[in-house]
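Biologist: I would like to go through this model feature by feature. For each one, give me the general idea and then the case at hand.

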Amino acid sequence: QVQLVESGGGLVQAGGSLRLSCAASGSRFSIIRIYTISWYRQAPGKQRELVASITRDSSTNYADSLKGRFTISSDNAKDTAYLQMNSLKPEDTAAYYCAALSTNGETSWGQGTQVTVSS
């Protein structure tokens, strides 16, 4: 099983930026089985939604509404994925979670990190 720890959340003013990190740990065997890392977010009273995802070969996918403001990346040497968020808006306020999909079909989730954007 892979363990994921998110960090980098916080309070930022509208128009500001944050970079979230998602660090993976576990056995080397479980780490190399990760195929996709995704970022999701969930605002109070709303369903969890996909923000962006990146595969081991660096293919990326974004929610249409976030293209151009958010950038997902990964550093395989550090077993860490990142989410760079620019031009933040109050509606970006949410708990942000990373998830790892492994080649055996297992999905692991982190505990989440809170992002609050003030107007």
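Modeller: Start with burial: a residue is called buried when its relative accessible area is under 20%, exposed when that area is over 50%, and partly exposed in between. This is a predicted model. Gly112 has a relative accessible area of 18%, so Gly112 counts as buried.

Biologist: Where is Gly112 found, and with which residues is it in contact?

Modeller: Gly112 belongs to the loop between β10 (107-109) and β11. Contact means heavy atoms within 4.5 Å. Setting aside neighbours within four places in sequence, Gly112 is in contact with Glu6, Tyr96 and Tyr97.

Biologist: How many helices and strands does the protein chain have, and what pattern do they follow?

Modeller: The protein chain has 1 helix and 11 strands. Along the sequence the pattern reads β-β-β-α-β-β-β-β-β-β-β-β.

Biologist: How should I read the radius of gyration of the protein chain?

Modeller: It is set against the value for a compact globule with the given number of residues. For 119 residues that value is near 14 Å, and the protein chain has 14 Å, so the two agree. The C-alpha trace spans about 45 × 25 × 25 Å along its principal axes.

Biologist: What share of the residues counts as buried, and what is the accessible surface of the protein chain?

Modeller: Of the 119 residues, 44% count as buried. The accessible surface comes to about 6200 Å², and carbon and sulfur atoms hold 49% of that area.

Biologist: What share of the contacts joins residues 24 or more positions apart?

Modeller: Take the contacts with a separation of 6 or more: residues 24 or more positions apart account for 53% of them.

Biologist: How far apart are the mean positions of the positive and negative charges?

Modeller: The protein chain has 11 positive and 9 negative charges, and their mean positions are 2 Å apart.

Biologist: Take β11. Are Val117 and Ser118 buried or partly exposed?

Modeller: Both residues have their place in strand β11. Val117 has 6% relative accessibility and therefore counts as buried, whereas Ser118, at 26%, counts as partly exposed.

Biologist: Two other strand serines are Ser38 and Ser73. Where are they, and are they buried or partly exposed?

Modeller: Ser38 is found in strand β4 and is buried, with a relative accessible area of 9%. Ser73 lies in strand β7 and counts as partly exposed at 31% relative accessibility. Beyond four places in sequence, Ser38 is in contact with Leu50, Ala52, Ser53, Tyr97, Cys98 and Ala99. On the same terms, the contacts of Ser73 are Ile54, Ala81 and Tyr82.

Biologist: Last, backbone angles. Which residues should I look at for a positive phi?

Modeller: Most residues other than glycine have a negative phi. Ser58 has a phi near 75°, and Ser87 has a positive phi of about 50°. Ser58 sits in the loop between β5 and β6 (60-62), while Ser87 is found in the loop between β8 and β9. Ser58 counts as partly exposed at 47% relative accessibility, and Ser87 is partly exposed with a relative accessible area of 41%.

Note on methods:
Residues numbered from 1 in each chain as written. Predicted model: local features only at pLDDT ≥ 70, side-chain atom pairs only at ≥ 80, totals over all residues. Heavy atoms only, no water. Helix = DSSP H or I, 4+ residues; strand = E, 2+ residues; numbered from the N terminus. Rg over C-alpha atoms; globule rule 2.2 N^0.38 Å. Buried < 20%, exposed > 50% of the residue type's maximum accessible area, 1.4 Å probe, protein only. Areas by Shrake-Rupley, 256 points an atom, 1.4 Å probe, with all protein chains shown as cover. Lys, Arg positive; Asp, Glu negative; His and termini not counted. Charge placed at Lys NZ, Arg CZ, Asp CG, Glu CD.
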